[in-house]
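Biologist: I've just opened this one and I'd like to know how the labels get decided. Can we go through them together?

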Amino acid sequence: MPNLEHPAYPAATLLQLESLVPCRESQVSMLLSIFGERQQFSFPSIFIYGHTSSGKTYVMQNLLSTLQLPHVFVNCVEYFTSRLLLEEILIQLQSCSSEPEQTSHVRCDTFNDFVRLFKQAVASQELQDQTLYIVLDRAEQLREMEANILPAFLRLQELTDRNVTVVLLSEIVWELFRPSTGCFEPLTLYFPDYSIGHLQKILSQNHPPEYSADFYAAYINILLGVFYMVCRDLKELQHLAVLNFSKYCEPVVRGEANERDTRKLWKNIEPHLKKAMQTVYLREISSSQWERLQRDDGEPGQLKGLSAHTHVELPYYSKFLLIAAYLASYNPVRTDKRFFLKHHGKIRKTNFMKKHEKTSNHLLGPKPFPLDRLLAILYSIVDNRVAPTANIFSQITSLVTLQLLSMVGHNDQLDGPRYKCTVSLDFIRAIAR
Amino acid sequence: GCFVFKPSPKKRKVSQKTAIDFRGRNNESEDSELRFVTCQSLWNQIKSETEQIQEDLNKQLFDNLLSFLRRSHSEFREKTTEWTCQMKSREIPTAALVLGVNVTDHDLTFRSFSEVLQNNITPYIALLEAKDCPDVKNLMQKLMGQLMNCYIDVDSLEDEDFVQVSQNRIRCSMTSLINWYENVTKKTDSETPSKKRTSSSRRWQSPPVVVIFKDMESFTTKVLQDFIVISSQHIHELPLVLIFGIATSPMIIHSLLPHSVSSLLCIELFQSLSCKEHLSTIIDKLLLTTQFPFKLGEKVLQVLINIFLYHDFSVQNFIKGFQLCMVEHFYSQPLSVLCCQLVDAKKRVNSLSHDQCENIRKLPSFRRYVEGQVSEKQIALLTADNFLKEIVQKLLEDLHVYHENYVSVLRCLHVFTSSLPKYPLGKQIRELHCACLENRVWETEEYESSLQLARMLNKSDVVTMLQQCVEIFVSSSGKEFDKTVEKLKEFLTQFQKLEEAIQERDVSVSSQKELQKKTDLFHLQKTLLELKESRRSKKLTKFEMLRFEVVDYIDSLVRTYLIPADHKTLHEIVYFNTASVLRGHLNAAPRIALHTALNNPYCYLKNQALKSDGGSISNKAPDICIVYKLHLECGRLINLVDWLEAFSTVVMAVEGPNADAASSDQVDDIIHARFIRAISELELLGFIKPSKQKTDHVARLTWGGC
């Protein structure tokens with residue numbers, strides 16, 4: 001395992017950093033060598049990508065703050081317009097400077113303004129002899145802003161002629177960013193997923209003070225055995241670990257087993273964890289409800305998850321409208337006559353089904369249908385006469401807003417709107433009962 | 001909006017222009033003002049009653065939600081340093097509030113809920129609707145606008161201008177929201193000791209910020225996702241609680257939010273009362289009571305209930321419909337002035353004018369009553385106003401007593417019918433009520449079969465029902481029920497005695513069984529046959545006799561008290577029965593109306609010249625009507641040239657045969673223009689559209705009718 005080494009920084013700080021970012025030593029040392037010494041110019045832009053919770057944000061934050069490098073950290077989801085984003089960078093820059101200046105609100109509408117204000121901000125403080133790092137988290141959002149934002153950030157060093165490095169963090173690869181007009185290519189750096197060993201190491205690091213590290217490590221081992229198949233998200237795993245730990249400790253607290261009795265503890269916790277996988281992990285039951293259940297020693301069976309409440313009560317005609325929509329969506333038009341007309345004549349068995357139509361229509365998904373067809377089917381499936389009142393029509397739009405139907409090709413209302421039925425067969429079955 | 005609420009024009013007119021309009025058309029009777037006042041006061045009573053009902057029904061739900069909100073940020077407030085709290089990722093507490101598909105009612109629920117919140121938990125509430133939030137920016141703007149204004153509402157209005165101005169300039173980002181929150185909480189902390197002791201003790205140091213998404217289904221996925229991601233990053237600084245208003249099923253959360261986002265939430269489910277139960281309560285409290293003098297006739301009630309069950313499930317709309325009935329009744333029925341509490345009504349009878357007396361004489365139910373009297377009395381009734389007034393007072397009293405008895409007996413009957421298998425008379429009391437209003441319920445087949453079934457009830461059921469009936473009668477206001485209660489209690493004691501008797505007899509029966517066991521198969525068969533024979537011929541057991549008596553007694557009660565209202569004299573005064581008006585207002589049929597207007601313009605224009613005998617096309621009709629009628633005869637694609645030809649033929653028919661020759665080959669320019677105009681009007685109305693399949697053709701968008 002490579003120890004972090006860099007001539008520019010004191011060894012103690014590096015050691016501290018190393019303890020903070022387990023399993024990411026190689027990436028950190030790579031970054032350090034790219035960054036160079038404080039006053040040295042670094043690469044203009046660095047692009048770091050990796051899967052969810054592979055430690056991108058965490059590593060960058062710890063690296064910059066432990067080494068006390070001047071930096072600005074912005075989340076692009078939170079600052080959803082370019083103006084907000086640029087202003088936020090400037091505000092953070094101001095607070096970066098040591099002298100508490102007036103924090104008057106600056107307006108920054110364009111990137112041009114930004115470059116100008118940025119120069120001012122950097123000049124006004126003693127940042128000139130250090131590299132300034134601007135970290136843009138969730139950088140994929142930049143693509144949805146104005147077209148010039150991303151390329152301009154990539155060559156900010158050149159535009160401002162200052163010692164600045166822009167670091168982009170994202171979950172998707174660089175190829176999806178590259179604008180069609182071309183741009184400065186950043187240095188790309190990949191953060192691989194944590195392996196199971198890494199996860200084990202990281203999760204066991206934060207053991208509760210009451211219990212020994214070994215005991216907690218054993219627990220993490222069991223936890224990973226259950227959850228590693230479905231979830232590799234470090235945050236989620238940590239959350240689950242904390243939620244279920246008290247249950248794991250139960251036999252020890254009651255004095256039935258001691259801390260070394262792994263087998264007994266495993267027997268106790270394993271079914272519990274499996275249950276957790278089906279409920280809490282899927283957010284069927286909230287974690288607070290889960291904790292309460294644990295405390296009261298109740299069975300999770302009593303608490304119905306979100307998916308258990310699938311039944312939707314609908315008014316009489318809404319039900320029929322939905323059923324009619326379902327029929328219209330999944331039956332081909334030419335069978336309508338056969339299904340809904342009283343005197344449909346003989347069914348020609350031969351040649352009726354072409355070969356490719358044997359695949360179930362349910363696999364192909366719903367097809368759009370015009371309003372007229374929906375109403376025609378409605379009239380034929382409802383027993384008594386239905387007057388086409390305003391209420392019926394408003395129910396169709398209601399169903400659309402409830403997302404049980406969806407409208408296809410929305411623009412031309414007069415021209416016979418087309419709909420799709422978006423509910424499943426099970427749902428229709430429940431309604432038709 | 002879902003299940004669109006259509007404000008009834010009549011109601012609005014009345015509330016805006018007050019009584020003047022009421023007088024408007026029927027100024028022949030001077031009571032219009034009084035009628036208006038009566039109507040208003042009655043409506044106010046009913047309104048407060050319905051609000052009270054709603055509050056009571058929602059109480060349970062609100063209590064649950066409040067305790068959830070109190071719980072949700074307890075960790076935040078206590079600032080625990082425990083290991084678990086440090087390590088756990090902080091989720092946003094979220095309440096998934098399943099409210100049912102009656103979206104029109106939700107508004108009221110949310111309003112009263114936010115009121116409750118404001119009084120109990122937090123002043124910081126934002127109500128968001130999907131239509132205001134097409135993207136995150138708008139959502140943040142809306143959110144901050146509502147939150148920062150609500151702060152002013154709670155404290156003082158002095159610095160309103162200052163905040164109003166700065167609100168526009170403020171950056172709508174989470175940071176400024178957090179800054180605001182810090183300022184506000186700090187300020188209240190320092191201010192409270194002096195002036196708001198009581199309120200601060202109720203609230204905590206840092207009240208949560210509640211964001212309510214009124215219609216979860218309509219929000220776009222991206223907006224919700226982004227908002228949740230953003231706010232989850234600041235959950236440590238801003239104690240946020242989300243409430244999702246869900247109309248369908250909570251599954252929608254999973255279908256709208258991917259796992260990575262929903263894992264940031266801590267979702268708990270809350271379910272509101274079903275709207276059907278709500279309606280039952282409303283009907284119970286509004287219609288099946290003597291508290292309100294105004295009543296709905298059978299057809300009208302049926303219309304309202306059908307709209308509810310078939311179309312919208314909206315209780316608010318039901319109440320609005322009820323209101324419409326009331327306004328319509330007081331507006332159209334001059335005698336509705338007597339539709340008030342009995343004491344007032346008697347006074348008002350005395351001051352009735354001669355015209356009003358004549359109105360009473362014209363009532364069909366009163367005419368029927370007069371015909372049943374002896375001839376001297378008939379003359380007196382038809383000539384002497386004073387005598388009439390006396391009688392009317394008595395009749396009104398009768399009507400009142402009838403209502404009192406009716407309700408109790410109806411409930412009693414419902415106790416019996418609601419437990420029968422297959423519910424021949426309906427499960428809900430409203431169905432029974434409709435059946436009783438419609439005609440003599442004891443003459444219906446369903447009643448017959450339910451009596452039959454009632455004669456087969458087992459004993460414990462009968463006893464509990466009798467007990468329920470006793471309770472109903474005891475608590476009822478009717479004065480005639482003392483005897484009934486006595487009779488029912490007597491039945492109960494008889495049942496009691498029967499039970500004791502049976503216990504005694506049990507011993508003997510068991511000994512008989514002992515005997516049977518020992519006999520062989522042949523003997524057994526024989527004895528069984530004998531037993532069967534004897535049972536058939538045997539007289540009914542005591543219990544069965546008693547049961548018959550009970551059922552017969554109930555039957556007699558029904559026959560005396562559940563007479564349909566329209567058999568009662570003067571029922572027109574309190575019953576609103578014109579269902580057609582109501583249907584026209586509440587269940588409009590635009591297509592049919594449009595068709596009638598175009599097909600038979602006389603119906604709306606009332607021009608004698610347009611009165612036609614159906615089939616033929618009159619050339620006096622407006623151009624669009626002619627064009628419409630002609631197009632009804634065509635298929636899916638219409639040739640414009642042929643259509644124009646036909647149109648000009650119809651229009652020219654007035655000029656007679658002499659003009660015919662001149663214009664046979666060339667269509668007049670004016671007629672051409674008229675035709676084009678009519679065609680474009682039809683296109684605007686959505687009957688036809690230009691077609692690309694054939695040149696010079698248009699496509700029909702409607703079908704049928706030819």
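Modeller: Let's begin with a term: helices and strands here are DSSP runs, a helix needing at least four residues and a strand at least two, with numbering from the N terminus. Keep in mind that this is a predicted model. On those terms, Ser249(B) sits in the loop between β4 (240-246) and α11 (251-256) of chain B.

Biologist: Is Ser249(B) buried or exposed, and how do you know?

Modeller: The cut-off for buried is under 20% relative accessible area. Ser249(B) has 7% relative accessibility, so it counts as buried.

Biologist: What is Ser249(B) in contact with, beyond its neighbours within four places in sequence?

Modeller: Residues of the other chain: His309(A), Thr310(A) and Val312(A). Each of those counts as a contact because contact means heavy atoms within 4.5 Å.

Biologist: How many residues are in contact between the two chains?

Modeller: On the chain B side there are 67, and they meet 64 residues of chain A. Together the chains bury about 5,600 Å², with 60% of that on carbon and sulfur atoms.

Biologist: What makes Lys222(B) and Glu144(A) a salt bridge?

Modeller: The rule asks for a side-chain nitrogen of Lys or Arg within 4 Å of a carboxyl oxygen of Asp or Glu. In this pair the closest N and O atoms are 3.9 Å apart, so by that rule the pair is a salt bridge. The count between chain B and chain A is 2 salt bridges.

Biologist: Which element gives the largest share of the side of chain B that touches chain A?

Modeller: That's strand β5 (residues 265-271) of chain B, with 6 residues. By class, that side of chain B has 35 nonpolar, 18 polar and 14 charged residues.

Conventions: Residues numbered from 1 in each chain as written. Chains lettered and ligands numbered in written order. Predicted model: local features only at pLDDT ≥ 70, side-chain atom pairs only at ≥ 80, totals over all residues. Heavy atoms only, no water. Buried area = accessible area lost by both parts, 1.4 Å probe. Nonpolar A, V, L, I, M, F, W, Y, C, P; charged D, E, K, R; others polar. Buried < 20%, exposed > 50% of the residue type's maximum accessible area, 1.4 Å probe, protein only.
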